[in-house]
Structures are given as structure tokens and as C-alpha cells.
Amino acid sequence: MLQKPKIALFQCQWCLYAPADQEWVDTQLPENIHLTKTPCTGRINPLYVLNTVQGGADGVMISGCLPEQCHFKTGNMAARRQLEEFNDFLNHIGYEKERVRFVWLDLQDRGIIQKQLAIFEEELEALGPASNLVTRTKVAEGGRHA
Amino acid sequence: MPDLDAIKTETKRLLSEGVVEVVVAFKPGDTPLHPQPAFFMNVDDVDSLVYDGLCQNNLATFLTRLPKSQKIGMLVRGCENRSVNALVVEKQKLRENLFLVGIPCEGIIDWRKIVERTGEAVIAVHENDLNVFVDSRAGNFNFNRADLLHESCLRCTHRTPVNADILIGEALPEGDLTLAATAVEVFEAHEIDERYAWFHKEAERCIRCYACREACPMCYCTECFVDHIEPRWTESGATPAGMQGWHIVRAFHQTGRCTDCGACERACPMDIKMTYLTEKLNHDMRNKYGFVTGLDAQTQPPFATVTLDDKNRFSV
């Protein structure tokens, strides 16, 4: 594959507790990874995931705090119930299940996010670019539909 | 078939005794194939009430359009009763303000299945428990009732209303739960690209009329996500992304709330299949959380009942 797979990264703002990790995500993220920071994993609406999928993301990575470490008590659990089901549902209509990945990040760990992104990227390269459900209308410069 | 006279008598009693202010039921429509929902407020009007297998709307849709404080009587079949329960769970209605006249349902006849067999010029339709007799310009037909049922009704599990205030007719036995599971498994047995091709083929016919939304009792949001202008959550035109996004998110919003009545599919003017989406979600809710929508008026759906115990459910 010539181009690196495009990854949409949804990150809960509390789960990267190590300053070095957060700085890496904020400033040194590779170009093929698109970061969306949310106040909590629970804020990630399935619609956001769908929008990245339709816009051509080859993979979606959703990070959250470990169980019982959520800043809002059960936000990560609520998100997990919904997004896991949403992933199953997307798989039902033809989007590979492997393209959506959940990562629990321990507040104490260091450097996990880099490792997980590297593994995910490798797996996505093996899968190839996503084609199903990628239907977003291309918008040309000036906002006109191409 | 339930006794129509018994239904009328009960409706008249409700109105004349002042138990309810309005009864939601059906009256004859413009064509024999489409009885239409009606609101009966006077005892004299009740004589025009009809009920047969062609009554295809889910009447629970109209509950959220009437005031919460109003005393409402309603004809309910199995699926409608479960929809009402789901609305009560979501605090859209007060159960004590509703009087449900339960009818054990033998299944709703899909009018499209009649039309494709007889042509559109249907003059009259009569039915009994086993047969449907259709008079049309093309001749007189006699069909097996089971052949004309809507797909959702063929795999229906709870045909008898679960907590109606009064039941007209005899309770029917529970349906076979494996039928619903089989429908999902058959679809999932296809290759992933075949599944996407099917979904694409169905969704691309959509004209974004939102008839499915209007027909659904659980779609009661004051402002739907597709109607938002700022921010625009999804493409709102009849574009591929817009049509697919609508079908995906509409179905997903019904997770743990859909009763699989099939009203969305029957309302669709483009004959788009939709229940294979919601049936998958129902199937998952049954398997993962043991939840069936609307069996009582207290149990919260899975997405509303998150606890820390969930940590055992998901691997770290």
C-alpha cells in the first residue's frame, strides 16, 4: 500500500494522564491519524463514528479509561455498550469489524497509545483501504459538490 | 378474528361512561386495502369503527402527539401494547391515563402482497382466520392468510397484548422465538460484501420522505438529527451518504426500543426493507442483555442501565 491507512482517533481527554503521551498525541501525531478529543468516551456519539467511516477512514480507534477509572464514573461503560453494539451493527451491513478498535488506557501506563496505534496501523495495512460505506459526497474548493 | 361488535360495544362503553376522552382505532379508508387510523370522541361515530388484518399502522404512534394528561383509550395488538409500554418506560405517557383494549393479533396483512397478486384495482377484501377473499377488476381471488402476512408478523413472538386492561377474544399461544433469530442468522451468513451490496441496494432507493419516522411510535423527538441545520450532523439530501446515514442512525436509535411491528417498512413508499436492520439490534439485545422491549412498563432498556458491573462484560 502506497498510502498509509487513514485512522480516526477518538480520545477521551482524561485517559492520557502522562504529559509526555498527551503531548505526543497533541503535537507529533502522524498525518494519517486524525484526532478528535472528547470530554469523555461517553460523549462519542455513534453518529461521529459513522461520519468518519463515511468520510473514508480506514479504521476508527476509540480510547477510554479503564473501568472504574472514568472521570465521570460510568461514561466509559455507557460508551462501550453503545459503540460495541454500533460496531456489530456496522458489521451487519458490511463494514469490517476489525476496523473499529477500542483501547482501554490505564492512567499509570506510559507509551501505550503509540504502541496500540502502530499495531492497529499494521493490521489496517493488511486489510487494505476501506470501500464499503465510504459514500460522503466530495466537496470541492469553494464548497461546491464535486 | 376478533369480534368487531365486542370492540364497538367496549369503545362505546369507554366513551359513554367517560373512562376516556378519545379512543384511537381504525375507520374505513379511501381504498379497501387501507383502513385509516381514527380518533373517536363521540359515541355516535363508533359505528364506523373497523378492525381487520389490513389495519397496518401502529396506533401507539399517535399517543405522543396527544397531551400526556389526556385520558386515551386505544385498540392494541401485541406489538402496539409493547410500544405503549416502551413509551411509558421513557416517561412519554402515564399508564394510568391509558385504557388499552387488547386484541390478540393473527398478523397484519401486507397490502403489497395482495396488490402484486391481484393488481391495484381492488374492490373489496374479506377475511376469516385462514383465508382472505379479494374482489378485484382482475377477478375474484382466494388466498391463504399465512401467505399474505407481513414479514415481521411471520416471526412475531408476543401476539397477545401483555398488559392490556381488557382482552377481546382468546389469548394466542406465544410464537417461536427461533424464527426471529434465524432471520438474522440467514442474513449474517452472507459474505460481508454481499451484505453491503444488499444494504446499498435498499438504501439507494430512499427518497428521504421520512414516512418510516412518522410511522414509528418510538420516533418522537421534537427535532430529528437529520433536520438539524447547525450543526448539520449528516448529509440531508438524497445523496448516498445521506441515505445510508439515515437508515443506519434511524435503526440504531431504536436499539432496545424497537418492538419489530414493521410499521416503518409498511409505510415506506419505495418498498425499502428495513426490519433486517432493527431485527439485528433486537437480536443482539436479547442475546447480550436478555432484554425484550415492552414486556412490562418498568424495565429500562440496556443503553439506559449502565453500571460498573459492566466491566466483567468487556475484555480489557
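**Exercise 1. Find how many residues lie between strand 6 and strand 7 of chain B in their hairpin.**

Step 1. Start with the ends: strand 7 of chain B covers residues 139-144, and strand 6 of chain B covers residues 131-136. Strands here are DSSP runs (E, at least two residues), helices are H or I runs of at least four residues, and both are numbered from the N terminus.

Step 2. Look at the turn: 2 residues separate strand 6 of chain B from strand 7 of chain B in this hairpin.

Step 3. Check the pairing, which requires at least two DSSP bridges between two strands. Strands 6 and 7 of chain B run antiparallel and share 6 bridges; B:Ser136 has B:Gly139 as its bridge partner.

A word on the model: it is predicted, local features need pLDDT of at least 70, side-chain atom pairs count only at pLDDT 80 or more, and totals for chains, interfaces and linings use all residues. Residues are numbered from 1 along each chain as its sequence is written, while chains are lettered from A and ligands numbered from 1 in the order in which they are written.

**Exercise 2. Now find which residue stands opposite B:Ala124.**

Step 1. Strand 5 (residues 122-127) of chain B pairs with strand 6 of chain B in the antiparallel sense, over 5 bridges.

Step 2. Between these two strands of chain B sits a hairpin of 3 residues.

**Exercise 3. Describe the side of chain B that touches chain A by class.**

Step 1. Count the residues in contact (C-beta atoms, placed from the backbone, within 7 Å): 31 come from chain B and 27 from chain A.

Step 2. Helix 7 (192-203), helix 9 (240-252) and helix 11 (275-289) of chain B each supply at least two residues to that side of chain B. Helix 9 of chain B has the largest share, 7 residues.

Step 3. Sort by class: the side of chain B has 17 nonpolar, 6 polar and 8 charged residues. Nonpolar covers Ala, Val, Leu, Ile, Met, Phe, Trp, Tyr, Cys and Pro; charged covers Asp, Glu, Lys and Arg; the others, Gly among them, are polar.

**Exercise 4. Work out the order of helices and strands in chain A.**

Step 1. Chain A has 4 helices and 4 strands.

Step 2. Along the sequence they follow the pattern β-α-β-α-β-α-β-α.

Technical notes. Contact = placed C-beta atoms within 7 Å.
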